[in-house]
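Reader: I am new to this structure and would be grateful for a close look at a single part of it. Please present the part in one connected account.

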Amino acid sequence: MSVKYGILTMLYLQKNHGYELKLELESLLGIKGKINPGQIYTTLDRLIRDQLVISVGMDDQERKFYEITTKGNKELEKWLLEPVPYHSTKEDFHFKWSCARKIDFKQENEMLDQQKAMIMKDVMDLTKFKTEFLLQGDENRYLLITSTLLHLEADLNWINQVENRNRP
């Protein structure tokens with residue numbers, strides 16, 4: 001899970017102050033956990049340094065407001081289109097997909113296609129290893145790879161369900 005891209009997602013929708021960004025990000029994460037407020041402000045400082053976000057003044061309660069820049073929009077869209085490797089937790093992709101849904105990302109289908117392509121490549125590579133381990137009589141590695149392949153198959157099925165629900 002990336003606080004950076006969560007913040008960019010929230011700012012894509014509207015300018016906001018740090019504490020509200022924290023609450024919105026926690027809402028996006030659901031039951032995954034709480035975000036330390038210090039992590040929000042440290043990340044905002046880095047986003048400003050990298051010119052992905054700007055500070056746009058204060059509200060009547062003297063809370064600093066932030067807004068995403070054009071460069072920040074491009075960075076968010078680039079991230080949304082990068083497939084998530086399986087060795088990362090699949091929650092990374094689910095978080096990315098939730099961010100894309102939150103902002104009604106128009107290239108969601110392209111994002112899903114790229115993720116499917118990465119999964120299929122992994123399936124092909126692992127199937128080769130699975131066969132080798134079977135021929136070598138390495139039962140443990142054979143079963144571990146079989147487990148990973150079943151998880152990848154489940155991920156593909158989930159993506160197919162998302163795509164089917166996206167159809168008009």
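Author: In α1, the buried residues are Val 3, Tyr 5, Gly 6, Ile 7, Leu 8, Thr 9, Met 10 and Leu 11, where buried means under 20% relative accessible area, exposed over 50% and partly exposed in between (1.4 Å probe, protein chains only). The helix is thus mostly covered, with eight of its 11 residues buried. Helices (H or I, at least four residues) and strands (E, at least two) are DSSP runs, numbered from the N terminus. This is a predicted model, in which local features need pLDDT of at least 70, side-chain atom pairs count only at pLDDT 80 or more, and totals for chains, interfaces and linings use all residues. Residues are numbered from 1 along each chain as its sequence is written, and side-chain values use heavy atoms, with hydrogens and water left out.

Val 3, Gly 6, Ile 7, Met 10 and Leu 11 of α1 meet Leu 21, Glu 24, Leu 25 and Leu 28 of α2, contact being heavy atoms within 4.5 Å. These residues comprise seven nonpolar, one polar and one charged; Ala, Val, Leu, Ile, Met, Phe, Trp, Tyr, Cys and Pro count as nonpolar, Asp, Glu, Lys and Arg as charged, and the others, Gly among them, as polar.

Leu 11 is also in contact, beyond its neighbours within four places in sequence, with Asn 16, Leu 21, Leu 44, Val 53, Tyr 66, Glu 67 and Ile 68. Of these, Val 53 stands opposite Ile 68 in β3; four bridges join the antiparallel strands β2 (residues 53-58) and β3, and strands pair if DSSP finds at least two bridges between them.
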